[in-house]
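Open the model in your viewer and keep the sequence panel beside it.

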Amino acid sequence: MSKIVVLISGRGSNMENLVCSDIPGKFVLVASNNPNADGLKKAKNMGIRTAVVDHKTFSSRQDFDLALAKKLEEYEPDLILLAGFMRVLSKKFLSRFENKVLNIHPSLLPAFPGQHSHKQAIKKGVRIHGCTVHFVTPSLDAGPIIVQSAIPVNPEDDEKSLAKKVLEQEHQIYPIAVKWFLEK
Ligand code: GRF
């Protein structure tokens with residue numbers, strides 16, 4: 001069975017939702033750069049092994065990436081899922097897991113990469129917003145797109161309401177993308 005690792009930095013709702021979806025793989029590790037990530041507790045409660053590689057304890061991005069890569073390699077993952085993981089991974093890291101790293105981003109890429117996508121969407125006055133699952137490449141939020149889901153933006157929407165509606169869609173499409181990946 002395919003071995004899946006999830007990387008998180010915070011709440012971990014996508015991670016929890018993925019673990020609870022009927023994905024034909026085994027979640028062997030949930031790892032975080034943030035020792036206080038709430039998602040770590042959720043993973044432990046679901047009986048999944050967790051690890052912390054705290055970026056603050058490394059003097060360079062390269063050292064952090066190397067330590068994270070080594071930790072992940074212990075588990076020989078077939079697939080690495082970024083789910084609210086707030087670090088940009090280097091080319092060196094990604095070359096060790098080529099075409100095996102997916103991410104979910106809360107916008108219809110290529111619109112609004114980076115942080116605060118809902119704020120950007122409101123500011124631009126777009127009428128359609130959403131989320132994207134894509135392969136991770138060294139360029140931020142720019143890898144090949146696997147699946148997207150769109151929602152209408154209504155006049156009364158604000159950042160909070162968009163975040164809620166988009167998150168519901170994230171929980172729909174990330175498991176679909178993972179199944180497609182595992183089915184090759
Ligand atoms: C999600 O909106 C995801 O798209 C973004 O960060 C958020 C993480 O939420 N990259 P959660 O930790 O999965 O609840």
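The tour goes from the sheet to the ligand, then to some single residues and the cysteines.

**Before selecting**

This is a predicted model, in which local features need pLDDT of at least 70 and side-chain atom pairs count only at pLDDT 80 or more, while totals for chains, interfaces and linings use all residues. Residues are numbered from 1 along each chain as its sequence is written, and side-chain values use heavy atoms, with hydrogens and water left out.

**Stop 1: the sheet**

Colour the strands. Helices (H or I, at least four residues) and strands (E, at least two) are DSSP runs, numbered from the N terminus. Seven strands form an open sheet with mixed pairing, in the order β3-β2-β1-β4-β5-β6-β7. At its edges are β3 (50–52) and β7, each of which pairs on one side only. From one strand to the next the twist averages 20°; angles run from 0 to 180 degrees between N-to-C directions, and axes are lines fitted to C-alpha atoms, for helices over the stretch in contact. Two strands are said to pair if DSSP finds at least two bridges between them. Strands of a sheet pair through backbone hydrogen bonds, either parallel or antiparallel.

**Stop 2**

Select β1 and β2. The two run parallel and are joined by seven bridges. L7 stands opposite A31 in β2. Why is β2 largely enclosed by the rest of the structure? Seven of its eight residues are buried, where buried means under 20% relative accessible area, exposed over 50%, and partly exposed in between (1.4 Å probe, protein chains only).

V19 is partly exposed, with a relative accessible area of 22%. Beyond residues up to four places away in sequence, V19 touches F27, M46 and I48; contact means heavy atoms within 4.5 Å.

Select β5 (residues 101–105) and β6 (residues 128–135). These strands pair in the antiparallel sense over four bridges. The bridge partner of I104 in β6 is V133, and that of H105 is T132. Six of the eight residues of β6 are buried, so this strand is largely enclosed by the rest of the structure.

T132 has Q148 as its bridge partner in β7.

**Stop 3: S149**

Stay on β7 (residues 145–152), and pick out S149 within that strand. Is S149 buried or exposed? Its relative accessible area is 10%, so S149 is buried. The side chains of S149 and Q169 make a polar contact at 2.7 Å. A polar contact is a pair of N or O atoms within 3.5 Å; within protein, one must be able to donate a hydrogen and the other to accept it, and residues adjacent in sequence count only if both atoms are side-chain atoms. Leaving aside neighbours within four places in sequence, S149 is in contact with L108, H129, G130, C131, Q169 and I173.

**Stop 4: the ligand**

Which residues are around the ligand? They are R11, G12, S13, N14, G84, I104, H105, P106 and E170; a residue is near a molecule or strand if one of its heavy atoms lies within 4 Å of it.

- G12 has a backbone N or O atom 2.8 Å from an oxygen atom of the ligand.
- N14 has a backbone N or O atom 2.9 Å from an oxygen atom of the ligand.
- I104 has a polar backbone atom 3.3 Å from a nitrogen atom of the ligand.

**Stop 5: K91**

Move to K91, which is in helix α4 (residues 91–96). With 64% relative accessibility, K91 counts as exposed. Then select T57 as well: K91 and T57 are 34 residues apart in sequence and 21 Å apart in space, C-alpha to C-alpha.

**Stop 6: the cysteines**

A disulfide is a covalent bond between the sulfur atoms of two cysteines. Here the cut-off is a pair of cysteine sulfur atoms within 2.5 Å. How many disulfides does a search of the whole structure find? The search finds zero. The sulfur of C20 is too far for a bond, because the closest cysteine sulfur, in C131, is 18 Å away. C20 is exposed, with a relative accessible area of 58%, whereas C131 counts as buried at 0% relative accessibility.
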